[in-house]
Each structure stands twice: as C-alpha cells, then as structure tokens.
2 protein chains.
Amino acid sequence: MDRISLIDDTFLRLETRRQPFHIGMLMLFDPGEKAPQDFVMKLSEKLRKSTEMQEPFNRHLVQKNGLHYWEEDTDFDLEHHFAHIALPKPGRIRELLATVSRIHGGHLDRAYPLWRIYLIEGIEDGRFAVYMKIHHSLVDGIAGIKMLISSMSSNKRESTKLPPFWENGISNSKAQHLPVPTPTAKGLSAISKLSKNGLRSIPPVYREIRSNIADIWKGNPDFVFGGQAPRCSLNQSVSATRRFAAQSYSTPRMRAVGKAFDASINDVALAMCGAALRQYLADLDDLPLQPLVAAVPVSVRREDSTSAGNEVAFTLCHLATHLKDPAERIVAIKACMDYNKKHIRNLSPTQTLTTAAVKLIPGAINAIFNVNPNKTLGNLVISHVPGPKEDLYWQGAKLSGLYPLSLLTDGAALNITLISRHDTVDFGLIACRKSVPHVQRILKYLEDGLVELEEAVKNRNAP
Amino acid sequence: MDRISLIDDTFLRLETRRQPFHIGMLMLFDPGEKAPQDFVMKLSEKLRKSTEMQEPFNRHLVQKNGLHYWEEDTDFDLEHHFAHIALPKPGRIRELLATVSRIHGGHLDRAYPLWRIYLIEGIEDGRFAVYMKIHHSLVDGIAGIKMLISSMSSNKRESTKLPPFWENGISNSKAQHLPVPTPTAKGLSAISKLSKNGLRSIPPVYREIRSNIADIWKGNPDFVFGGQAPRCSLNQSVSATRRFAAQSYSTPRMRAVGKAFDASINDVALAMCGAALRQYLADLDDLPLQPLVAAVPVSVRREDSTSAGNEVAFTLCHLATHLKDPAERIVAIKACMDYNKKHIRNLSPTQTLTTAAVKLIPGAINAIFNVNPNKTLGNLVISHVPGPKEDLYWQGAKLSGLYPLSLLTDGAALNITLISRHDTVDFGLIACRKSVPHVQRILKYLEDGLVELEEAVKNRNAP
C-alpha cells in the first residue's frame with residue numbers, strides 16, 4: 001500500500017457530485033478505405049483478450065482512517081473498464097460529441113481503478129473513436145498523452161502488435177502534474193516544495209512579488225494578477241452536466257500567423273481564444289469592459305535543469321478581449337506572455353510555483369470573502385499540451401484527432417485545452433451545460449479568429 | 001415553490017455517491033417487420049419536437065437554508081433529458097443490458113428535473129428499446145408504470161397520436177410510495193402517519209407485535225422477523241457500478257404452477273427466486289443454512305378502503321432456500337405469505353406500516369450496533385408490480401418487454417423487481433457489479449426453478 005501524494009489526495013478530496021476530477025481524451029482513428037466492415041467489432045474482440053493491467057491502470061484506491069492509499073488491484077474486471085459502444089444514426093461528429101459529453105459527466109467508481117475506455121463505432125465517414133477517462137489523481141495531461149502515444153506507432157503494421165493502453169502504462173506518469181485551477185492544490189504543492197528547498201527560495205520570490213507590485217503601481221498592461229479578472233457568465237457554479245466541443249485547426253496556418261507576428265503557436269491559440277470568447281460573450285451581451293484573464297500552464301523547465309519529468313507552473317494572461325483590432329489583440333497577448341516568460345526565466349521551477357501561489361492570494365481572498373463580486377480569480381484555464389509531431393497508427397488505424405477533455409470547478413465553467421500536432425492543433429472545449437449553453441458556437445468563432453488574423457497579416461504585408 | 005414531502009426528502013438525503021436513488025425502466029418495442037429502416041431515426045426526430053413538460057417531469061429541485069423544494073422548471077432543455085443512442089454490433093440483448101447497466105449507474109444532475117430518457121436503436125432482431133431513469137423522489141414504481149402506460153394505446157394507429165412520456169405525466173403520481181428497504185424512510189413515514197391517526201392505532205399494533213413475539217417463542221416457521229436473515233454475499237456495502245439482467249417468463253406457465261399449488265403468481269415468482277438464489281449461492285459456496293429472507297412489498301388496500309392511490313407496505317418472507325425439494329419450497333413460501341396476508345388483513349394500512357417499522361427494530365439495532373454479524377435485516381427486496389394486461393403500442397410499435405430497475409442500498413446488493421403482464425412476467429434484476437458478479441446466471445436459474453416446479457406438478461398429478 002502506497003500513501004497518496006498530497007496533490008493527488010487533494011484531487012480526490014476536491015471531487016464533488018458536481019465537480020468530478022477526472023480528465024479525458026477523445027481520439028479519432030481512420031482505419032482506411034480498404035478496412036473490412038467489421039474492423040471495429042474485431043478490434044473490440046481483440047482488445048477484450050488483453051486482461052493485464054500496468055501502472056497506473058492497476059491502481060486501486062483504499063481509504064483507511066480517513067487517509068487515501070493506492071493498492072494494486074488484483075481483481076481486474078475488464079468489462080467494467082472497457083466498453084464498446086456505438087453512435088446513433090446518422091453518426092455525425094455531432095452525435096459523437098453528444099455521446100462523449102454524456103459519458104464525461106459521470107463519476108468514476110472508486111471501488112475500481114479510476115479509469116474507463118470506450119471504443120466508439122458508427123461515425124458516418126468510416127472512422128471510429130476511442131474516449132478515455134482517467135482520474136487526475138492517477139495521471140496529468142502531459143503524462144497522459146505520453147501514455148497514450150506509447151501504444152501507437154508511426155508504422156501501421158507495427159502498431160497492430162502493440163498492447164492496448166491498459167497493458168502499456170508508464171511508471172513515471174506521476175512525475176509532475178499539469179496545474180489545475182485550484183488555489184488550494186497549487187498552494188499546498190508549492191508550499192510543500194518550498195519547505196523542501198529551504199529558506200534560499202525566499203529572497204527571489206520576495207523580489208519577484210515586489211517587482212509585481214511595482215508593475216501594478218505603474219499600471220503595466222502586461223502584468224496580470226490573480227483577482228483582476230472581470231466576472232462574466234463563464235464564472236458561475238457548475239452543474240454536473242458537461243458539454244464537449246472539439247475541432248482541429250491547421251497547424252501550418254497558425255504557424256504562418258505566428259511567424260508574421262513573431263509569436264508562438266501558443267500565442268496564436270490564445271489570440272484565437274480571445275477572438276472567440278469576445279464574440280461569444282458579445283452575443284450574450286455579457287462582454288466585460290476589462291479583458292478576460294486566462295490561467296495558462298507554462299513549462300518552467302530550464303535548459304540547465306537536471307530533474308526528470310515535466311516542470312509546469314501556471315501563469316495568468318489577459319486575452320485582450322477589450323481590443324477590437326485582431327492585430328492589436330495578438331500583439332498585446334504576446335507582450336503579456338513574453339512578460340510572464342521573462343519573469344519565470346529568473347526563477348527556479350519551485351520559486352515559480354511559489355510565486356504563482358502567492359500571486360493567487362488576492363484573488364483567493366476575494367473568492368472566499370467576496371470583497372469585490374465583480375472580480376474573479378481568472379475567467380478560464382487554457383492549456384496547451386504538446387502532441388505527437390508525426391503520423392501515428394493505433395491498432396492499424398491512423399490517428400486523425402486528439403481532443404482533450406479537462407475538468408471544471410465552481411467559478412470556471414469553461415476549459416479550453418489544445419494539443420498541437422504536426423498537421424493540426426486539436427482544441428477540446430469542456431463546459432458546464434447549464435452556464436455555457438452554446439459552446440459549439442465557440443468552435444466557429446475560433447476559426448473566424450484565425451481567418452481575422454490571416455487577414456491582418458495580409459493587410460500588414462500589403463504595400 | 002412546494003416543500004418536499006418527508007419521504008421524498010429522505011430519498012434525496014439518503015442518496016450518496018455509491019447509492020443513487022433513482023429507479024429505471026427498460027421497455028422493449030417491436031415496430032413490426034414492415035417498419036421502414038429509419039423508423040427509430042424518424043421517431044427520434046418526432047420526439048425531439050415535443051418540448052413541453054408535464055408533472056412530474058417539470059419538477060426542478062431547489063435547496064434553500066438546507067431544505068428542499070420543488071419548483072417548476074422554466075428552462076426545459078430536452079437535449080439533456082432525451083438521448084438517442086445505439087448498441088454496438090452485434091446488438092444482442094447482452095449489449096443492450098451492458099449499455100443500460102452503465103447508464104443506470106450514473107447520477108441524475110440535480111441542476112435539472114431528475115429524469116432522463118434514452119431511445120436505443122440497433123437491437124439485432126429489429127426491435128428497439130427505451131430506457132428511462134427517474135428519481136424515486138418524483139415517482140414510485142406503481143405510479144411510474146401508470147405514467148408510462150398512459151402514453152401507450154391498445155390501438156397501434158392511435159398510439160402514434162399520443163404525446164411522449166414527458167408531455168403526458170400524471171399529477172397524482174405522488175399518492176403513495178413503493179417502500180424502499182430503508183428503515184429510516186419507512187420508520188419516518190410510518191411514525192408520521194401514526195401520529196396523524198392518533199392513539200387509536202396503538203392497541204392493534206401492540207396486539208400484533210405481542211402475537212409476533214408469541215410466534216417467535218412457538219418457533220412458528222411461517223413468521224419472519226427483521227434481523228433473522230442469515231448474512232451472505234448479497235449483504236455487502238455496494239459499489240457505484242450496477243449490473244442489470246432482465247428476462248421474461250411465461251405468465252400461463254407460472255399461472256399453471258400456481259393453480260396446482262393453490263398459490264398466487266407472486267408465490268410462484270418468490271419460489272422461482274428461492275430456487276435461483278439457492279443455486280446461485282451454492283455455486284459460490286455461500287448458501288446459508290437458514291433460509292434467505294426477502295422484503296416483499298404487498299398491497300394493504302382493503303376492500304372497504306376509500307382512500308385514493310395505492311396502499312402498500314412491506315412484509316418479510318423467507319424463501320425456503322434451506323429446503324431441497326421444490327414442492328416443499330413453494331408450500332413453505334405460500335404458508336409464510338399467507339401468514340403475512342392474514343395478519344395484514346387485521347390491521348389498517350397505517351397500522352401495517354407501523355407494525356412493519358416496529359418489526360424492523362431488532363434488525364435495525366443489529367445493523368447499527370453489529371450485535372450479531374451473521375444476521376442482517378433482510379437479504380434482498382423482491383417487488384412485484386402489476387403491469388398491463390393487454391397488448392399495448394407506443395408510437396406504433398408493440399410493447400414486448402417491461403423490465404424494472406430498482407435501487408440498491410448498503411447491505412442489499414441485489415434487488416429483484418418483476419412486472420406481471422398478460423403474456424409474460426418480466427423480471428428485472430439490479431445488482432452491485434462488485435458484490436454480485438454473475439447476476440446473469442440468476443436468469444437461467446429462475447427458468448430452471450420454473451421447470452422444477454412444473455416437474456413437481458407433473459409428479460404430483462402422476463398416478
């Protein structure tokens with residue numbers, strides 16, 4: 001029996017009826033035109049024969065005297081974890097997203113290892129899908145993708161020889177966690193790390209915070225602090241029902257825009273999100289005058305870092321939703337992200353985490369004591385997870401989409417997570433069905449946002 | 001805003017992560033051989049046009065100062081409540097039951113009216129299914145069936161003109177509740193009724209209890225008290241995962257057996273359950289020496305009763321699982337049920353409820369203080385709900401099965417509910433997947449039990 005780490009335990013304890021703490025992934029696969037009619041049925045039969053579990057799929061939760069432990073599950077019940085399901089006709093992406101939305105809303109049963117995989121047949125274009133849900137206490141987003149990819153191959157034939165996901169886990173999946181927008185979880189983790197690293201962390205953190213306060217006094221538009229976000233309809237208590245929307249956008253198109261503005265793919269993605277949310281909220285007559293603020297996880301791994309695993313912290317970035325001009329918007333977003341990166345570069349990963357926790361304090365105090373009901377800690381989380389950079393196959397079928405589903409907490413009724421691949425950037429939007437009623441509109445507005453940026457590039461280059 | 005009744009409130013408060021308090025119904029329909037290929041898709045489109053809700057489908061839960069209220073939902077979101085789904089190939093009843101098991105396990109979202117309906121296509125024999133889940137605080141089993149049947153007609157053509165279930169609710173659905181095996185709920189309800197009827201209820205209740213105690217001293221085998229049930233694998237804490245098994249058995253065959261033993265259809269059903277559970281537990285080497293005890297809801301409505309609605313209490317019946325001979329078993333079960341009915345006849349409905357609550361006390365004390373860990377309050381609940389007695393059609397398709405899904409509580413990991421129709425008796429078994437791992441075996445053993453009884457009849461009639 002292993003005692004659960006502090007942050008994983010927090011993920012279990014923060015889970016409520018309305019706030020499940022599992023994350024998900026929707027994968028689309030194309031078996032090719034020559035694939036037999038019964039490809040998915042045969043695949044389902046094949047997968048059912050794999051009844052061994054590897055780490056972390058074999059971890060079973062045990063509660064004893066109020067504490068949580070992981071224990072190896074010796075009573076593996078594949079039928080509980082693996083389901084073969086089908087879409088109703090006509091089997092459009094719409095039916096796929098409705099099905100995945102419903103499944104993602106439900107809790108994982110703590111009597112079993114905390115994951116479930118669904119093989120989904122019946123998409124009209126001949127593709128099939130796999131949806132996986134796994135508790136955030138078992139795996140984080142980056143490790144989760146690594147884990148999935150380790151069961152895929154760039155060689156179609158080789159891919160059929162690889163075991164299914166649950167027989168091919170990764171042991172160091174718990175190295176580091178993608179931060180979740182919970183000040184409690186972040187704060188605990190950072191403070192525990194800070195104490196390990198001793199007092200030498202304090203002076204740089206103090207200097208960083210002092211510099212931040214100076215930026216507030218100066219009114220530096222590139223500095224964003226926790227609690228300056230204007231409250232809007234995205235910042236409500238969440239229901240237990242989820243709506244999932246997903247779409248792929250062209251990586252080369254996004255890269256071209258980035259190049260024109262000397263911006264990263266991530267900056268372009270944030271600018272697309274800014275454009276889309278500006279339009280979405282304007283439709284609802286709910287666009288705040290001040291810019292929306294996104295919590296953006298960033299890698300804080302330095303070149304001289306020797307530690308294994310991912311070093312990730314999260315930073316706050318405004319989405320320039322107060323600006324009308326798309327070119328001005330991406331420039332402002334890039335400036336804010338550049339400011340964040342520069343400051344992170346001056347700190348060690350632990351110091352960054354601590355600083356992030358300290359910066360959240362004003363927002364957390366407001367969240368708890370409701371000092372200013374028009375402000376909130378942040379409007380949403382936008383995560384960008386690097387994905388595979390080549391064509392991959394799983395069980396003989398080509399991966400054609402990799403859409404993440406994150407989790408929601410009260411006050412943050414929308415989450416946007418994207419995975420950048422070589423040919424497409426796959427956006428996964430998860431929303432509370434009750435508070436964010438038309439989340440599918442945001443997909444169109446993201447595309448509109450990209451088109452607007454492309455036009456801005458054209459106008460820039462025009463003589 | 002209406003304050004919720006005491007018993008409905010109890011159903012909401014007893015609900016936990018592992019113990020959802022909704023009930024369900026799986027309906028099988030046959031559209032006929034001449035039905036067009038896209039029958040279900042067209043039906044789905046038609047149903048989606050019905051966007052009005054009637055009582056109780058429009059009731060929305062509101063919590064205020066720790067109290068629950070019902071409020072009319074004015075923001076009806078049909079897509080949340082109605083889903084069109086499909087079975088994976090090959091679309092056997094096995095795939096249908098696996099799908100319904102998964103859906104039945106999930107909670108209803110309290111942000112919406114507490115019900116959901118699934119239209120299920122893709123059964124290999126051309127039929128389709130409807131699965132409905134509704135919170136027990138909105139409706140009881142008997143009223144639930146009435147509600148469903150009110151949307152059906154004995155005339156195929158007429159049936160297509162009736163509105164879907166949610167536009168055709170019934171207003172007096174809350175008249176009376178089918179008792180759920182929760183001493184708290186029963187006790188509260190009975191005591192509240194007793195106080196309404198004043199002290200005049202006490203002498204008959206006292207006489208009844210005194211007579212019961214006399215029966216214990218005499219060792220009367222027909223008297224069963226709460227707490228005499230031998231603990232077995234059915235009496236464990238439940239997980240959140242459900243397994244559903246369902247099958248129809250011939251009403252004429254069961255009626256013929258009943259006639260031979262001067263027993264009711266219900267006695268025959270209990271004898272089949274006794275045979276099946278005896279075999280099931282013997283397979284697991286877990287058959288107790290003492291007979292299993294079932295809590296059996298019975299109608300306590302007397303001929304001179306003027307009250308509207310159903311008057312239902314529950315009584316305890318042993319299943320004669322200690323007896324090897326099927327004929328002896330049904331005779332013993334009938335004797336026990338006859339004893340129960342005779343005693344109920346001497347009491348008013350309220351007195352019956354009170355007596356039931358008082359009789360549960362020894363078992364409840366044992367459940368709480370664990371005085372005798374080998375005994376339990378009862379082994380399972382077996383409910384029998386009268387169903388329609390003629391062929392019915394819904395939206396032009398013939399009803400061919402009506403399988404109920406009940407709820408489970410800690411200590412009762414299996415529930416058997418049956419609906420008797422004119423041609424078949426439809427059994428629905430709901431079990432905790434973890435504690436009752438092979439529930440589908442019980443279906444076969446029920447059939448074996450019926451065959452055994454038929455052979456016993458033959459041997460009796462033999463010269």
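In chain B, B:N266, B:D267, B:V268, B:L270, B:A271, B:A275 and B:R278 of α10(B) touch B:R329, B:I330, B:I333, B:K334, B:M337 and B:K341 of α11(B); contact means heavy atoms within 4.5 Å. By class, this contact has seven nonpolar, one polar and five charged residues. Ala, Val, Leu, Ile, Met, Phe, Trp, Tyr, Cys and Pro count as nonpolar, Asp, Glu, Lys and Arg as charged, and the others, Gly among them, as polar.

This is a predicted model: local features need pLDDT of at least 70, side-chain atom pairs count only at pLDDT 80 or more, and totals for chains, interfaces and linings use all residues. Residues are numbered from 1 along each chain as its sequence is written, chains are lettered from A in the order in which they are written, and side-chain values use heavy atoms, without hydrogens and water.

The crossing of α10(B) and α11(B) is right-handed, that is, the near helix is turned clockwise from the far one by less than a right angle.

Now the cavities. The structure holds eight of 30 Å³ or more. A cavity is a set of points on a 1 Å grid over the protein atoms alone where a 1.4 Å probe fits but cannot get out; lining residues have an atom within 4 Å of a point. The volume is the space filled by probe spheres set on the points. The largest cavity has about 810 Å³. Of its 37 lining residues, A:R102, A:I103, A:G106, B:R102 and B:G106 are the closest to its centre.

| Class in the lining of the largest cavity | Count |
|---|---|
| Nonpolar | 12 residues |
| Polar | 13 residues |

Definitions and conventions: 1 Å grid on protein atoms, 1.4 Å probe; cavity = no way out; pocket = protein on both sides within 12 Å on 5 of 7 lines; lining within 4 Å. Helix = DSSP H or I, 4+ residues; strand = E, 2+ residues; numbered from the N terminus.
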